[in-house]
Amino acid sequence: MDRRAFVLTLPAALVGGTAAMANQTYKSYQAPTHAVTQRFPDFEVRDYAPQLLAAVTVKGTRDKALGQGFRILAGYIFGANQGSAKVAMTVPVAQTPEQVAMTVPVTQTAADGSDAWTVTFMFPSGWTKETAPVPNNAAIRIVEHPAETLAVHQFSGWAGAGRIEEKATKLRWAMNDAGIAPAGPFRSLFYDDPFTVPWNRRNEVAYPV
């Protein structure tokens with residue numbers, strides 16, 4: 001049976017032909033504003049609003065780079081910036097492979113052989129590039145990320161490098177079955193801290209489309 005027969009296109013709150021964006025939270029943390037426009041058995045398609053991101057790129061294995069990048073960004077939002085300003089934590093922390101190796105810390109190892117990864121943190125609503133604290137660490141970049149559409153697969157449990165690659169491969173096959181082509185490398189999205197028991201964790205892999 002053609003799996004595309006299972007697609008559900010959401011008609012609720014249509015604005016300009018697409019589902020209206022809704023504010024999102026996860027365990028009391030602000031999450032990216034998005035609308036789910038299609039649901040398939042193994043993934044859903046989401047339209048995301050623009051985001052302001054703190055980003056850092058590091059070399060290393062996927063797992064080590066994620067930890068290093070998170071520590072750098074956590075230091076920044078907890079006050080390691082000019083003015084010692086505090087920025088509220090949001091979710092998820094995202095990790096994307098870089099196609100070209102970087103010379104500064106922060107990202108993760110890619111299936112295509114790249115060993116550089118960009119780790120990002122989303123600013124809460126209300127911050128702008130002009131009002132964002134200036135980082136003490138020159139490796140941190142403040143980035144205005146445009147609106148985008150992602151195909152997203154959500155899963156729980158451990159999210160080590162091998163499992164992430166497995167989930168990304170399955171997502172790509174499911175997208176292929178649905179006639180949806182990825183427009184770039186996949187990213188990993190992590191919603192919970194390392195102390196959360198595996199079965200209560202929310203993880204996602206996502207391809208831009």
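Phenylalanine 43 counts as buried, at 4% relative accessibility; buried here means under 20% relative accessible area, exposed means over 50%, and partly exposed lies in between (1.4 Å probe, protein chains only). You are looking at a predicted model, in which local features need pLDDT of at least 70 and side-chain atom pairs count only at pLDDT 80 or more, while totals for chains, interfaces and linings use all residues. Residues are numbered from 1 along each chain as its sequence is written, and side-chain values use heavy atoms, with hydrogens and water left out.

Now let's turn to the rings. The structure holds six aromatic pairs, and phenylalanine 40 with phenylalanine 43 is a stacked one, 4.6 Å centre to centre with 10° between the planes. Rings of Phe, Tyr and Trp (its six-membered ring) pair if their centres lie within 6.5 Å; planes under 30 degrees apart count as stacked, over 60 as edge-to-face and the rest as tilted. Phenylalanine 123 and tryptophan 127 have ring centres 6.0 Å apart and planes at 50°, so this pair is tilted. Phenylalanine 123 is buried at 3% relative accessible area, whereas tryptophan 127 is partly exposed at 28%. Both belong to a cluster in which ring pairs link Tyr76, Phe121, Phe123 and Trp127.

Next, follow the chain to strand E12, residues 187-190. Helices (H or I, at least four residues) and strands (E, at least two) are DSSP runs, numbered from the N terminus. Arg187 and Leu189 point one way from E12, Ser188 and Phe190 point the other way, and all are buried. Two strands pair if DSSP finds at least two bridges between them. Strand E8 (residues 93-97) runs antiparallel to E12 and is joined to it by three bridges, with glutamine 95 opposite serine 188. Strand E13 (residues 203-208) is also antiparallel to E12, through four bridges; here arginine 187 stands opposite alanine 206.

Finally, step back to the whole protein. Its secondary structure comes to two helices and 13 strands, and buried residues make up 47% of the 209 residues. Among contacts (heavy atoms within 4.5 Å) with a separation of 6 or more, 68% come from residues 24 or more positions apart. The accessible surface is about 10,500 Å², and carbon and sulfur atoms hold 58% of it; such areas come from the Shrake-Rupley method with a 1.4 Å probe, and for residues only the protein chains shown count as cover.
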